[in-house]
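Dear colleague,

My notes on it follow directly after.

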Amino acid sequence: MIEAIAKAADERLRLYPDPACTEFREAVAARYGVAVEQVFAGNGSDEVLAFAFAAFFECQGVSGAVPILFPDITYSFYPVYARLWDVPFRTVSLKDNFSIDPDDYKQNNGGIIFPNPNAPTAKALALDAITKLAGYEEKNGKALIVDEAYIAFADKPGIKSAVTLVKQFPNLLTVHTLSKAASLAGLRVGFAIGHKDLIEALCRVRDSVNSYTVDRLALAGAAAAVSDFAYYDEVNRHVCSTREKVSASLAQMGFTVIPSQANFVFASPPASSGKSGMQVFSALREKGILVRRFDKPRINNYLRISMGTDDEMDTFLNGCAEIIRG
Ligand code: PMP
């Protein structure tokens, strides 16, 4: 990947990049067994999602626009994109155990979006549940967007990418990122896979904003990364084993740990420690260890801990143990 970027760093940088991102999309199409016309590339999946809200969800001004649905407790940018394009939305509460119940979404709606696995809860839906929901949404005549930012870390039976369903459901769009699955958050490359008509709609939105959103160097690196997934599969298996070790260590300290299918762990400190999530968060920060905390009801005692290197996770666990012991 680094070699590919170095090779692309020459006098061609005087020229604009390929607006269609063809070489990268060909690499994605080959990896997922879909046609190039079924792939859209963007500047991180955040950009792909922002375009998708404009392309598939009706804005307030359209008469009869029905609110879209997404979970209450999910990726914090969904309401941001909805407001950006003036898309009406309604949130659907997670169950008591933080899981998404697909049946809760089988109601009149203008479209559905959720991450699978969800963030920051790290819980995932099985593919058969997504299949049924895609069928419901097809009859409803609206789009179902499954944001698969973390699917590369899902390893429980039945929890799989919904990419295999796009042939069957022309209303299904899966959204992916190299930020997590390929450890390339600094490159800013994401992509979507779906029916070619959905992809064309995304292209129209992009071209009305800025055709050149992914630069030459990022495209070269991303094409190389997508073509070398055996390497990333191995890295991601290691991330999963780190996740299991960190989850077990936190549970041993008395933390409530939500079983994770992502590259982070969602956990709250034991009441017996006398420390709230906020206090653990602040004490970790004083030690130079950054985790995430959310000022939201139901989850304000939880921490989202992203997996890092083995050394970083040892530092985190030792710091945590000291804080909990008080
Ligand atoms: N979707 C989800 C669920 C995320 O958590 C994130 C990153 N935090 C993104 C999309 C965006 O990722 P990127 O723009 O780096 O591809």
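**Strand pairing and burial**

Strands E1 (residues 39-42) and E7 (residues 190-194) pair in the antiparallel sense over four bridges. Two strands are taken to pair if DSSP finds at least two bridges between them; strands (E, at least two residues) and helices (H or I, at least four) are DSSP runs, numbered from the N terminus. Please note that this is a predicted model, in which local features need pLDDT of at least 70, side-chain atom pairs count only at pLDDT 80 or more, and totals for chains, interfaces and linings use all residues. Residues are numbered from 1 along each chain as its sequence is written.

A residue is buried if 20 or more other C-beta atoms lie within 10 Å of its own, exposed if 12 or fewer, and partly exposed in between, with C-beta atoms placed from the backbone.

**Ligand shell**

The residues around the ligand include Gly 44, Ser 45, Asp 46, Tyr 75, Asp 147 and Gly 190. Helix H3 (residues 44-56) gives the most to this shell, with three residues. By class, the shell has five nonpolar, five polar and two charged residues. Here Ala, Val, Leu, Ile, Met, Phe, Trp, Tyr, Cys and Pro count as nonpolar, Asp, Glu, Lys and Arg as charged, and the others, Gly among them, as polar. A residue is near a molecule if its C-beta atom, placed from the backbone, lies within 6 Å of it.

**Domains**

The protein is divided into domain 1 (2-227) and domain 2 (231-325), with bounds from an automatic or database domain assignment. Their C-alpha centres lie 27 Å apart. Between them, 20 residues of domain 1 are in contact (C-beta atoms, placed from the backbone, within 7 Å) with 19 residues of domain 2. The side of domain 1 that touches domain 2 has 14 nonpolar, two polar and four charged residues.

**Leu 317**

Leu 317 lies in helix H11 (residues 310-325). Leu 317 counts as partly exposed because it has 17 C-beta neighbours inside 10 Å. Leaving aside residues up to four places away in sequence, Leu 317 touches Val 246 and Ser 249.

Yours sincerely

Conventions: Two residues are in contact if their C-beta atoms, placed from the backbone, lie within 7 Å.
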